[in-house]
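Visitor: I have a structure to look at and would like to learn how to read it. Where do we begin?

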Amino acid sequence: MGQYRNIVILTGAGVSAESGIDTFRAGTDGQPSLWEQHDVEDVATPEGFARDPELVQRFYDMRRAAIQTKLPNPAHDALARLDAAWGGDLLIVTQNVDDLHERAGARRVLHMHGEHLKAWCTACDVRSPWRGSLADYPPCPACQARSLRPDVVWFGEMPYEMNRIYAALRRADLFVSIGTSGAVYPAAGFVRDARELGAHTLELNLERSQGSHLFHESRLGPASQTVPSWVDEVLAGA
C-alpha cells in the first residue's frame, strides 16, 4: 500500500446493512422497486412528493427516527480509524443517508445523496439539522416558511457535490468501493472514471457488483470483516 497516497472510498448500503439499516434493492420478479411496500415513484421522486406530500413526509419521518436507533458497525469504525490516521488525501463518498460514518468518528465524509438528519427548505434553500417530524409542516429555522422537505436526493435529482467528487477522483491513487450494487449512476461510473485516470481500483462487497469486471481486485465478504482487514493492511503499509 506504500505507493498510494490519495484515496477515494465509495460506500453504499452494504456498509450500513449490518447495523440494521435496510438496503434499497430493485425487485427481481418483474415487480416495481419497493421499499417497505411503497413504490419508488411514490416516495423517492419529486413527482411523488408533489402528488402526496403527507405520505412522503411520514415515510421519511419513520426512516429518520429509525436510523437514530442504530449504531455504527466495525466497517464504519475501521473507516473512521483510517480517516484519523491517513496523512494523504482521503474522501469517503457515501451513497448512504444515515450518519453512521460520522458517529463512528469519520470527518472526511461527503453525502452525495443527502442526509436523513437534515431538512431542506425549498423557499430559502437552507439545509438545517433535523431529528424530529416534518409531517406537521414545521417552520424553517432560517426563514420560517413551512416549506421543509427531506434533504435526500430523489430519483431524477442531481446528487450533491459532483464537482468535488470528480476532483478527488482525478487526484486518487486508489479507489475503493464498499457495499455497493454497482447499479445506481452516477456512483456506479466512478470506478471506470478512476481506472481511466490511473488509479488502482478495489471492490469490497458481499457479492460481486454489476461493475466487478472494472475493478483490479475484488474481495468478497461482510463489510464488518473485509473493511477492518483492509484498513489494517493499509495502515500497516503506510
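This is a predicted model: local features need pLDDT of at least 70, side-chain atom pairs count only at pLDDT 80 or more; totals for chains, interfaces and linings use all residues.

Visitor: In which sense do β4 and β5 pair, and over how many bridges?

Guide: Strand β4, residues 90–94, pairs with β5 in the parallel sense, over 3 bridges.

Visitor: What is the order of the strands in the open sheet?

Guide: The order is β5-β4-β1-β9-β10-β11, which makes an open sheet of 6 strands with parallel pairing.

Visitor: Which are the edge strands?

Guide: An edge strand pairs on one side only; here these are β5 (109–111) and β11 (217–220). From one strand to the next, the twist averages 15°.

Visitor: Now the empty space. How is that found?

Guide: A probe the size of a water molecule is rolled over the atoms, and this shows where empty space is left. In this model the count is 1 cavity of 30 Å³ or more. The space in the largest cavity is about 100 Å³.

Visitor: Which residues lie nearest the centre of the largest cavity?

Guide: Ser177, Thr180, Gly182, Ala187 and Ala188 lie nearest its centre, out of 15 residues that line the cavity. Two elements give two or more residues each to this lining: β9 (174–178) and α8 (190–196). Strand β9 is also one of the strands of the open sheet.

Visitor: How do the lining residues divide into nonpolar, polar and charged?

Guide: The lining of the largest cavity has 9 nonpolar residues and 6 polar ones, with no charged residue.

Note on methods
Residues are numbered from 1 along each chain as its sequence is written. Side-chain values use heavy atoms; hydrogens and water are left out. On a 1 Å grid over the protein atoms alone, a cavity is a set of points where a 1.4 Å probe fits but cannot get out, and a pocket is an open set with protein on both sides within 12 Å along at least five of seven lines; lining residues have an atom within 4 Å of a point. Grid points are joined across faces, edges and corners, and a volume is the space filled by probe spheres set on the points. Helices (H or I, at least four residues) and strands (E, at least two) are DSSP runs, numbered from the N terminus. Ala, Val, Leu, Ile, Met, Phe, Trp, Tyr, Cys and Pro count as nonpolar, Asp, Glu, Lys and Arg as charged, and the others, Gly among them, as polar. Two strands pair if DSSP finds at least two bridges between them. Axes are lines fitted to C-alpha atoms, for helices over the stretch in contact, and angles run from 0 to 180 degrees between N-to-C directions.
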